[in-house]
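Look at the structure, then read on.

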Number of protein chains: 2
Amino acid sequence: MTAANEDTIANRISRILADRIVTGQLEPGAKLRQDHVAEEFGASHVPVREAFRKLEAQGLAVSEPRRGVRVASFDLAEVREVALMRAELEGLALRHAAPHLTSSILDEAEQATVAGDNSRDVRSWEEANRRFHRLILTPCAMPRLLAAIDDLHAVSARFLFSAWRSEWEVRTDHDHRAILGFLRQGNIENAVAVLERHVQWIGQKPVKSPTGSTRDVFAIVG
Amino acid sequence: MTAANEDTIANRISRILADRIVTGQLEPGAKLRQDHVAEEFGASHVPVREAFRKLEAQGLAVSEPRRGVRVASFDLAEVREVALMRAELEGLALRHAAPHLTSSILDEAEQATVAGDNSRDVRSWEEANRRFHRLILTPCAMPRLLAAIDDLHAVSARFLFSAWRSEWEVRTDHDHRAILGFLRQGNIENAVAVLERHVQWIGQKPVKSPTGSTRDVFAIVG
DNA sequence: TTTCATAAAATTATAGATAATTTATGATTC
DNA sequence: GAATCATAAATTATCTATAATTTTATGAAA
């Protein structure tokens, strides 16, 4: 009973909307109307506005004064930008987390990798992938850094879902295994190097548009 | 006339409060009471709450549901964390900005350095320093990265102001000049290396506490 | 005194209502 | 028929009011 009340209505709304934006249920550029959202959640628009502010800070929505807020759009340039930022920050985090990694953590991370390899849809792959990254980075004990990485992960996931919304081919994550291998050896710098290359790998995939022509879509797949 | 209305009340409040927090007028841990703030700005507490949310996202305030919001506190560990993040992200930004730097931009950056050297108080030094960093990084044309760096700068500035609130000794910024020198030569990697070391330099300074004993305070001075 | 329970005050969080602004609609003119 | 302007509808931003929660103050019992 307390757990439910731990959280404010605004937070709950922002979490759910964030999920919808990330998974692509809410498309880039879509208008977020405070009254509609308020009605859906059975709340007034005050907490809704606060939720919008949080989404704005996370880079998932953009707001123009007096004109309302829209789901943030994104392009290839931003995909690259986010990938570069993640490479730097995750590298930093891993360098500081590595000395505190236990073999039980690494085993858990390996399980997450296996779960990712066996995922039959994007959603569960993304979840497993995120779990892997969180597991090996959290011991750095830098809350601000981890929060920043989390936000970038969310944006990465948007790209991923927009490209691989329905179809998803099973694949084996060699990078994750290489990282774990180096970490087990205590070879931190090699682990960091692979991780930094890994998160910058931008997947490319031809997609049929409604008109029949094909175009390439991109997504971070690390 | 339009410029004043470009901005929402919530944004104006959050900007002013952010400045107070950064400069130390509002001390770490201080309670931010929405009704009081609302009254001061002649507004209701709805925009005040939105301003609080923005401060929270910037890491300048922390909010506990149903218990209100306080000015975020910080410790040496966080100083280090922010310095490390700045090093990585500013390095990344400079690497991508360098190819687009013109000699006129570098001249402006040099002027900012001179202005910093001649500053007789922390506030104007901080402003000049921030101008320097912005000038050489903005051409990277990565909005999300620049926004993240800006937020980290604000937090750095808090540390700075808390340590050097009143007294400020004039000093010459050799790092800035070295960076400009390398950039003028087109030696990007050396410029990045100096910058990354530069922003990680944590100043240390003995301060007399009210009891008479002295303790060391720390601040990023880059 | 100290501790605990209770009551009062202060404060937060949400809801409902109002004013101001933007977007949509349709008539009028060129 | 396209463009422009005026009007209406929708939507946002804000304010006032109410309910719920937490903190502070008060006083009785150990």
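Q: Which residue stands opposite Val69(A) in E3(A)?

A: Leu32(A) stands opposite Val69(A). This is a predicted model: local features need pLDDT of at least 70, side-chain atom pairs count only at pLDDT 80 or more, and totals for chains, interfaces and linings use all residues. Residues are numbered from 1 along each chain as its sequence is written, chains are lettered from A and ligands numbered from 1 in the order written, and side-chain values use heavy atoms, without hydrogens and water.

Q: Why are strand E1 (residues 31-32) and strand E3 (residues 68-71) of chain A called paired?

A: Two strands pair if DSSP finds at least two bridges between them. E1(A) and E3(A) have 2 bridges, in the antiparallel sense. Strands here are DSSP runs (E, at least two residues), helices likewise (H or I, at least four), numbered from the N terminus.

Q: How many bridges link strand E2 (residues 61-64) of chain A to E3(A)?

A: There are 4 bridges, antiparallel again. Ala61(A) stands opposite Val71(A) in E3(A). The hairpin of E2(A) and E3(A) has 3 residues between the strands, and Arg66(A) takes a positive phi near 70 degrees in this hairpin.

Q: What makes E1 and E2 of chain B edge strands?

A: The open sheet runs E1-E3-E2 in chain B, with antiparallel pairing. Strand E1 (31-32) and strand E2 (61-64) each have a single partner strand, so one side of each lacks a neighbour in the sheet. E2(B) is joined to E3(B) by 4 bridges, and Ser63(B) stands opposite Val69(B).

Q: How do you know that helix H5 (residues 76-97) of chain A spans close to the expected length?

A: The expected span is 1.5 Å times one less than the number of residues. H5(A) has 22 residues and reaches 31 Å from its first C-alpha to its last, against 32 Å expected.

Q: Why is H5(A) called mostly covered?

A: Buried means under 20% relative accessible area (1.4 Å probe, protein chains only). In H5(A), 17 of the 22 residues are buried.

Q: Why is the approach of Thr8(B) to DNA strand D a polar contact?

A: The definition asks for a pair of N or O atoms within 3.5 Å. A polar side-chain atom of Thr8(B) lies 3.1 Å from a phosphate oxygen of DNA strand D. For Ser44(B), a backbone N or O atom lies 2.7 Å from a phosphate oxygen of DNA strand D.

Terms used
Polar contact = N/O pair within 3.5 Å; in protein donor to acceptor, adjacent residues only side chain to side chain. Buried < 20%, exposed > 50% of the residue type's maximum accessible area, 1.4 Å probe, protein only.
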